[in-house]
Amino acid sequence: MWGAVSNLSLLEKISPFEKRDLLIAWFCLAVAFTLGISGGIAFVTDFTKISIDTLALTFIVAVITVGLSFVLHEMAHKFAAIRYGYWAEFRKNTQMLLLAVVIAVVTGIVFAAPGATLINTAGREMTKKENGIISFAGPAINLILAVPFFICMIAGIVMGGAEISQFTVPGFLFYLGMIGFQVNAMLAFFNMLPVGPLDGRKILRWNVVVFVVTIVVSLLILYVSLQPWMFVKMLVYS
């Protein structure tokens, strides 16, 4: 089986059912994020103040940032598992996706558990090392993705995008980079928490040093990502 799987291209290793689930989860997360960052429709008292243009722009940013961060996180788990000879596929959780949208509408808070990458071991016992590395692949890809989004944010700041409309190129770059930087930092840190089914618990069981280093780095990057105006002051007003 491994020989047949290893001969497939990357796209061929993603089944039609998995592609469907990824796209549905991607779309629902983008909608939930758009509603959440808009403050929650339930709190809007004057609907004439809602800007369709702003909602559309936020949705585009959500599709790029939240979508890529989520999809590549799950694909990192998948291909790490395949590397060890297992078969793995993402499966959406319809109830949790609907709940995420409802919570975003009612409270303006985005909390989502869109699904999980399920691994078929075919009767083999997965070792702690294999489980740890497969789990580590997800947060690791988010930390890597934080870098280009950070560069995008800095580029927007240097071009003056932090102080002008998001509908300009510099403004869009700043907004896209800032959101992407924050989302990936949050995903990395949240998934590194050593509780329940999260990645951190399995990584801790495998290697304490890797766990400590990764969660500390994730926390530091999260803190920095939530201080975008610090970079504005350094690069614009210094």
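Residues are numbered from 1 along each chain as its sequence is written, and side-chain values use heavy atoms, with hydrogens and water left out. Because the model is predicted, local features need pLDDT of at least 70 and side-chain atom pairs count only at pLDDT 80 or more, while totals for chains, interfaces and linings use all residues.

The protein chain contains nine helices and two strands. Helices (H or I, at least four residues) and strands (E, at least two) are DSSP runs, numbered from the N terminus. Along the sequence, the pattern is α-α-α-β-α-β-α-α-α-α-α. The chain has 238 residues, and 41% of them are buried. Buried means under 20% relative accessible area, exposed means over 50%, and partly exposed lies in between (1.4 Å probe, protein chains only). Contact means heavy atoms within 4.5 Å. Among contacts with a separation of 6 or more, 76% join residues 24 or more positions apart.

Axes are lines fitted to C-alpha atoms, for helices over the stretch in contact, and angles run from 0 to 180 degrees between N-to-C directions. A crossing is left-handed if the near helix is turned anticlockwise from the far one by less than a right angle, and right-handed if clockwise. For residue classes, Ala, Val, Leu, Ile, Met, Phe, Trp, Tyr, Cys and Pro count as nonpolar, Asp, Glu, Lys and Arg as charged, and the others, Gly among them, as polar.

On the H3 side, the contact residues include Ile-64, Leu-68, Leu-72 and His-73; on the H5 side, they include Ile-134, Pro-139, Asn-142 and Phe-149. The contact of H3 with H5 has twelve nonpolar, seven polar and no charged residues.

Next come H6 and H8. Their axes come within 8 Å and cross at roughly 150°. The crossing of H6 and H8 is left-handed. Phe-181, Gln-182, Ala-185 and Met-192 are among the H6 residues that meet H8, where the partners include Phe-211, Leu-219, Leu-222 and Ser-225.

The axes of H5 and H8 come within 11 Å and cross at roughly 35°. This crossing, too, is left-handed. Phe-136, Leu-143 and Ala-146 in H5 meet Val-210, Thr-214, Val-217, Ser-218 and Ile-221 in H8. The contact of H5 with H8 has six nonpolar, two polar and no charged residues.

Ser-225 lies in H8 (residues 208-225). Its relative accessible area is 0%, so Ser-225 is buried. Not counting residues up to four places away in sequence, Ser-225 touches Phe-181, Gln-182 and Ala-185.

The largest pocket was then considered. On a 1 Å grid over the protein atoms alone, a pocket is an open set of points with protein on both sides within 12 Å along at least five of seven lines, and lining residues have an atom within 4 Å of a point. Its volume is about 1200 Å³. The lining has 37 residues, and Ala-112, Pro-114, Leu-187, Phe-190 and Asn-191 are the closest to the centre. H2 (16-37), H3, S2 (115-120), H5, H6 (169-192) and H7 (199-206) each supply at least two lining residues. H6 gives the largest share, eight residues. By class, the lining has 24 nonpolar, ten polar and three charged residues.

Two residues in the loop between S2 and H5 were also examined. Ala-122 lies in this loop. Its phi is near 55°, a positive value in a residue other than glycine. Ala-122 has 63% relative accessibility and therefore counts as exposed. Arg-124 is found in the loop between S2 and H5 as well. At 40% relative accessibility, Arg-124 is partly exposed. Arg-124 and Gly-85 are 39 residues apart in sequence, yet 9.9 Å apart in space, C-alpha to C-alpha. Beyond its neighbours within four places in sequence, Arg-124 contacts Tyr-84, Gly-85, Tyr-86 and Glu-130.

Technical notes: 1 Å grid on protein atoms, 1.4 Å probe; cavity = no way out; pocket = protein on both sides within 12 Å on 5 of 7 lines; lining within 4 Å. Points joined across faces, edges and corners; volume = space filled by probe spheres on them.
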